[in-house]
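Please look through the sequence and the model shown below before reading on. The report after them is meant as a slow, guided walk through some of the features.

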Amino acid sequence: MTMTTSSPLSPDTGGFTPDLIAVGAGTAGLPLALAAAQEGARVLLIEKTDRLGGTLFLSTGMFSAGGTRRQRERGIDDSPDEHFADILRISRGTVNQELVRRYVDLAPAFVDWLQDQGFAFEEQCPVIIYGHEPYRKPRTYWGVEEGRSLLALFLRLLDPYFQRGQVRVQFNTRVEQLILEGERVVGVVAGGKEYRAPAVVLTTGGYASSPELFARLHGGRRLVSIGNLASTGDGILLAEQVGAQVVGNQYFLPTFGGIEDPDRPGRVYTEAPDRWEITARLVPQVRPPWELWVNQRGERFIREDEASVDNRERVLLQQPDMRFWIVFDERILREAPPLVLKWPAPRLRELAREGRLVKLAPTLEELAAKMEVPAEPLLATVAAYNAALQAGAPDPLGRQHRPLPIAEAPFYALRQQGSVLRTWAGLRVDRDLAVLRPDGSRIEGLYAVGEVLGAAQFSGDSFCGGMSVGPALVFGRELGRQLARHVAAARA
Ligand SMILES: Cc1cc2nc3c(=O)[nH]c(=O)nc-3n(C[C@H](O)[C@H](O)[C@H](O)COP(=O)(O)OP(=O)(O)OC[C@H]3O[C@@H](n4cnc5c(N)ncnc54)[C@H](O)[C@@H]3O)c2cc1C
C-alpha cells in the first residue's frame, strides 16, 4: 500500500460528487451517513463486503448512557457526571478523558433519540451488566435482536436517502489507499478507481481478525478471535501510510473465555454464522460456579466465584497460553444448571463422546492425559478442593459457592481460551475526530470514528460496558452532522 500525491487513475464518481466518503458501512458508518444525509449532504459509503452492518450482525450491541429519559421513566436517577466517574473508576483513569467526557455528555440525547425513532429496546433495559465490571447504576441498553436491532433501525431511516440517491453504497469495494494532495487527504483509491470528497472518514472497525496486526501491536501475542472477519485493521494501515499516530496498544486484556475452534485455530468456536452463541457461563452473578478451573499446569489459579471480571481477566492474562480447563464430573453435569446454555446435558455427553470440543475419561488420570495436563498436580488440586469441602474447611482459594465435590465418574473437561472480540489500539484523534500525527497536528481531510479509534480510548486498561458500540454510534452521528454542516458552510 503506497500513498499517492497525484494519481494516474481517473476519478470514478458515476456522476455523483459526494460531500463525504465513509470507508466502511458498519456500526459507525451507518449513523454517520444518516446524520450527514439528514443535514443535506451527499454521502458515499464504500464497503468491502457485500452487505451493510459490519459487526452489528455479531455484536450484542450494548451501549451505555447516564441521564436518559428511559432511566427517568423507570425511576433511575443518573447523570453524565456519574457515568464519567464510573468509567474513570473502572478504567483506573486510563481512558482518553476528553473523548469520554464528550461521549457521556452526548449519549443521553442519543438514547432519547433512539426511543423517539421507535428503537426496539430489550424490555428490561437499562440494567447493570455483570459480564464486564459493573457500573454503579443501571445504564446499559440493547435491542431485542442485539446489534441487529440497531442495524434494522438505521436501514429503515436510511432507506429514503438510498431511494433518492443522496446516500450511495459501493459494495465489494475495498479501500486500498488514501489520496494525498500536499498535506491533505482528498479521496481514496478502491478497486483501482479514485473517489474524491472534501472529507474522508475511516469507519473501518478494529483488527480482531488480523493476527499479523494484532501481533505487531501487542508484542507478538497470538490472537484467538471472535471478531468480525472483515475487521482486519485496514483503517489503521491506511492512516499510518499518511503519518497518523496509533495509540492504546500498551493495553490488552482477554475476554474471559471462549472455546477455540479445533478446526480453525485462532478462531472461537460457533455453531451459527454471525453468532457467538456457544459460551460457557462463567459470570458468578449469573450462574454461580459448580466446576473447578485449572490451568495447563493442572492448578487452580483463582477462586471460581471471584466476583470481579476485571480480576478474572487479569489473572487469565498470566496463565500459560491464556488458557484454562473447566473440570467437572457426572453428578455436576446431572445436577447443575447448564454450563453452556446451548448444550444441555445430553448434548454435552454426546460432544464428550466425540472428544473434539469436550474431553471425557473414566478417571482423572486419564482425563489429565487428554487435557495434556500433568496428572499429579491435577489430582492434587481436585483432592484438596474435595477434602476442604468434605471437612467443612475453607476452600484453599477462598471460594464460597461449593455445591458438590468432583468425585463421580466419568469426568469432563472443557477448554477455555482468553479471546478477543474488540481491539484496543487505534488512531489518535482530536475532539472533532480529526486524525492526528504524532506531533499533534491534524491530517486535514481525514477523520475516524468507531473501533478504528481503539477501544482503549473509551475503556482504557479495562472493559467498560457498552463503550465500543456507544461511541461508534454517538460519534458516528455527531461527526456526520458536523461534517455536513462544514461542507454546507464552505459551499455557501
Ligand atoms: C461478539 C461481539 C459482541 C460485542 N458486543 C459488544 C457490546 O455489547 N457492546 C459494545 O460496546 N461492543 C461490543 N462489541 C464490539 C463492537 O460491536 C464493535 O467495536 C463495533 O461494532 C465496531 O463498530 P465499527 O463501526 O467501528 O466497525 P464495524 O461495525 O465492524 O464496521 C466496519 C465496516 O468497515 C468495512 N471495512 C473494513 N475495511 C474496509 C476497507 N478497506 N474498505 C471498505 N470497507 C471496509 C467492514 O467490512 C465493515 O462493514 C462486540 C463485538 C463482538 C465481536
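The text below treats the domains, then the salt bridges, and then some details of the backbone.

The model is a predicted one, and its protein chain is divided into domain 1, which takes in residues 20-249 + 422-491, and domain 2, which takes in residues 292-417. The C-alpha centres of domain 1 and domain 2 lie 39 Å apart, and the contact between them takes 11 residues from domain 1 and 9 residues from domain 2. The area buried between domain 1 and domain 2 is about 750 Å², and carbon and sulfur atoms give 40% of this area. On the side of domain 1, the residues that lose the most area to domain 2 are Arg 92, Glu 133 and Arg 221, which together account for 47% of what that side buries.

The count of salt bridges between domain 1 and domain 2 is 2, and the count of residue pairs in polar contact between the two domains is 5, with both residues of a pair at pLDDT 80 or more. Sorted by class, the side of domain 1 that touches domain 2 has 3 nonpolar, 3 polar and 5 charged residues. Asp 461 forms a salt bridge with Arg 314, and the closest N and O atoms of this pair are 3.4 Å apart.

## Salt bridges within the structure

The structure as a whole holds 40 salt bridges, and the table gives some of them.

| Salt bridge | N to O distance |
|---|---|
| Arg 485 and Glu 39 | 3.0 Å |
| Asp 81 and Arg 101 | 2.8 Å |
| Arg 442 and Asp 430 | 2.7 Å |

Arg 485 counts as partly exposed at 45% relative accessibility, and Glu 39 counts as partly exposed at 32% relative accessibility.

The side chains of Asp 81 and Arg 101 also meet in a salt bridge, and this pair links distant parts of the chain, with Asp 81 in helix 3 and Arg 101 in helix 4 (residues 97-116), 20 residues apart. Asp 81 has a relative accessible area of 48% and is partly exposed, and Arg 101 is partly exposed with a relative accessible area of 25%.

For the salt bridge between Arg 442 and Asp 430, the two ends lie 12 residues apart, with Arg 442 in strand 17 (residues 442-448) and Asp 430 in the loop between strand 15 (426-427) and strand 16 (434-436). Is Asp 430 buried or exposed? Asp 430 has 17% relative accessibility and therefore counts as buried, since buried means under 20% relative accessible area, whereas Arg 442 is partly exposed, with a relative accessible area of 28%. Salt bridges that share partners also join Asp 78, Asp 86, Arg 89 and Arg 139 into one network.

## Around Pro 80

Pro 80 is found in helix 3, which covers residues 80-91, and this proline is partly exposed, with a relative accessible area of 21%. Which residues does Pro 80 contact, once its neighbours within four places in sequence are left aside? Pro 80 is then in contact with Gly 66, Arg 101, Val 104, Asp 105 and Pro 108. Pro 80 and Ala 107 are 27 residues apart in sequence, and their C-alpha atoms are 8.2 Å apart in space.

## Details of the backbone

A cis peptide bond, with omega about 0°, joins Cys 125 and Pro 126, and Pro 126 is found in the loop between helix 4 and strand 4 (140-141). The peptide bond from Ala 409 to Pro 410 is cis as well, with omega near 0°, and Pro 410 has its place in the loop between helix 12 (375-391) and strand 14 (411-417).

Arg 92, a residue other than glycine, has a positive phi, near 55°. Arg 92 is placed in the loop between helix 3 and helix 4, and at 48% relative accessibility Arg 92 counts as partly exposed. Asp 321 likewise has a positive phi, near 55°, and is found in the loop between helix 8 (309-317) and strand 12 (323-329). At 54% relative accessibility, Asp 321 counts as exposed.

Technical notes: Residues are numbered from 1 along each chain as its sequence is written. This is a predicted model: local features need pLDDT of at least 70, side-chain atom pairs count only at pLDDT 80 or more; totals for chains, interfaces and linings use all residues. Side-chain values use heavy atoms; hydrogens and water are left out. Helices (H or I, at least four residues) and strands (E, at least two) are DSSP runs, numbered from the N terminus. Buried means under 20% relative accessible area, exposed over 50%, partly exposed in between (1.4 Å probe, protein chains only). Contact means heavy atoms within 4.5 Å. Domain bounds come from an automatic or database domain assignment. Buried area is the accessible area (1.4 Å probe) that two parts lose on being put together, summed over both. A salt bridge is a side-chain nitrogen of Lys or Arg within 4 Å of a carboxyl oxygen of Asp or Glu. A polar contact is a pair of N or O atoms within 3.5 Å; within protein, one must be able to donate a hydrogen and the other to accept it, and residues adjacent in sequence count only if both atoms are side-chain atoms. Ala, Val, Leu, Ile, Met, Phe, Trp, Tyr, Cys and Pro count as nonpolar, Asp, Glu, Lys and Arg as charged, and the others, Gly among them, as polar.
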